[in-house]
Amino acid sequence: MKFDVKNLNQADRGISRIAWADRSMPVLQQVRDRFKAKKPLKKLRIAACLHVTTETANLMRTLKDGGANVRLCASNPLSTQDDVAAALVKKWKIPTFAITGASRKKYYDHLNATLDFKPQITMDDGADLVSLLHSERKNLAVNVKGSTEETTTGVIRLKSMAKNKVLKFPVVAVNDADTKHLFDNRYGTGQSTIDGILRATNILLAGQKFIVAGYGMCGRGVAMRARGMGAHVVITEVDPTRALEAHLDGYEVMSMEGAAKVGDVFVTVTGNTRVIRPEHFRAMKNGAIIANSGHFDVEIDIAGLKEMTKEIVKIRDYVEEYKITKDQSLFVLGEGRLINLAAAEGHPAQVMDMSFANQALAAEYIAKSYRKLKKQVYPVPADIDKEIARLKLQTLGISIDKLTKEQQEYLASWQLGT
Ligand code: NAI
């Protein structure tokens, strides 16, 4: 079996942590039990490019139990948990290509190794596999029945490919399922971004001016949790509706130009490029801390910052000091890569339970329905999305009401009113 991981001797630690995450993933467990019995992915080759974390390991086990032949590589060079990669190889015999801190070349070697077995379904977090299948590895696209996409940035890239009619196979936008983005992006990114910043710096958040760029699903979560820790939260936005929402949610809203002057801690979660640029760095207070939790490491203009910096000093793990003048140093966390996965462990298993149940069921949906699908981006079917919510509630022991017959008729009727 081919694989490339850091150290197989770390497998036992990985196995134990994967089991710990699994305890909080009851919906995925139910999917796995059914997959084990029914084998809906029998003999399908599935290539996954996801953050190699304990929760991802449980998804990989589920796909394998469903009968698939699975390969995995990392979707970010800093997010790999090496013990998890070792466990997947040693215990579950899943070819895994992921080493934390991999160089750019190694990162792409791993993506290519994952594609070498000619996958029929691909699973992406940021559309890197799909992108290779439309460039250097075009010849392999004919084998692909369909693909799934985990994150907002990936979905945006894929929708633009579909719009330009270059997409070569159907894609299911897992990110857009309600049981994904309403929980994973908001509560997952919210908590784990704060966790990453605190693990990297150990600062006291209470009393800090905490700037969140982007008030989307992730930004709302980060802002909510930072406020909960006593920070004074400021939002920057480009969308007037989102900015208004942030204002009515009780946050201060300003432009980055204004925020740069007052912020102690900055977090970007926009999915956009160069949100914090040299003109903002120049205006920042000495000692300001800058982090990103958006998918790609393009939100903070690190190249621009380097140009204006005299010296970069590593202060502690995931903290680099950029000495700009004798009176101004800025601290960048995790090289501007998503801080919740670089310095912490990513989202808690309780939310990944729903995200990855969506991934597993989307793969099953592609396996069943690919002949009917066009080269477009599809939502997760509504019945799958609702079923995941229902199962999650059930596993939490929460009951809800059912519509009575009278209520169903009332809601369906336009004649009944006052
Ligand atoms: P979203 O589309 O819901 O929100 C993004 C927000 O940023 C929008 O309101 C948009 O108007 C705003 N924005 C865009 N350009 C801006 C600028 N220059 N300045 C200020 N605001 C700007 O997207 P979502 O779901 O919140 O995702 C954001 C990013 O986080 C994406 O890259 C996504 O892939 C990533 N993500 C990261 C996760 C993690 O684990 N760190 C988890 C889930 C998503």
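1. Is K323 buried, partly exposed or exposed? K323 counts as partly exposed, at 30% relative accessibility. The scale is as follows: buried is under 20% relative accessible area, exposed is over 50%, and partly exposed lies in between, with a 1.4 Å probe and protein chains only.

2. Ground rules. This is a predicted model, in which local features need pLDDT of at least 70 and side-chain atom pairs count only at pLDDT 80 or more, while totals for chains, interfaces and linings use all residues. Residues are numbered from 1 along each chain as its sequence is written, and side-chain values use heavy atoms, with hydrogens and water left out.

3. The K323 contact. K323 forms a salt bridge with E311. The closest N and O atoms are 3.9 Å apart. The cut-off for a salt bridge is a side-chain nitrogen of Lys or Arg within 4 Å of a carboxyl oxygen of Asp or Glu. K323 sits in strand β13 (residues 319-325) and E311 in strand β12 (residues 311-316). The two are twelve residues apart, and the pair links distant parts of the chain. E311 is partly exposed, with a relative accessible area of 43%. Strands (E, at least two residues) and helices (H or I, at least four) are DSSP runs, numbered from the N terminus.

4. Salt bridges overall. The structure holds 28 of them. Side chains of opposite charge can pair when their charged atoms come close. One network of salt bridges links R13, R17, D83, D195, R199 and E345.

5. R137 and D116. Their side chains meet in a salt bridge at 2.9 Å, N to O. R137 lies in the loop between α6 (128-133) and β5 (146-149), and D116 in the loop between α5 (104-115) and β4 (121-124), so the pair ties together parts that are 21 residues apart in sequence. R137 counts as buried, at 17% relative accessibility. D116 is partly exposed, at 42% relative accessible area.

6. E279 and R277. This salt bridge has an N to O distance of 3.1 Å. Both ends are partly exposed: E279 has a relative accessible area of 42%, and R277 has 26%.

7. Strand β10 (residues 265-268). Both faces are covered. V265 and V267 are buried on one side, F266 and T268 on the other. Strands pair here if DSSP finds at least two bridges between them. Strand β7 (residues 209-213) pairs with β10 in the parallel sense, over four bridges. Strand β11 (residues 289-292) also runs parallel to β10, joined by four bridges. F266 can be followed across both pairings: F266 is the bridge partner of I211, and in β11 the bridge partner of F266 is I290.

8. Cysteines. A search of the whole structure finds zero disulfides, a disulfide being a pair of cysteine sulfur atoms within 2.5 Å. For C49, the nearest cysteine sulfur is that of C73, 3.8 Å away. C49 is buried, with a relative accessible area of 1%. C73 is buried too, at 0%.
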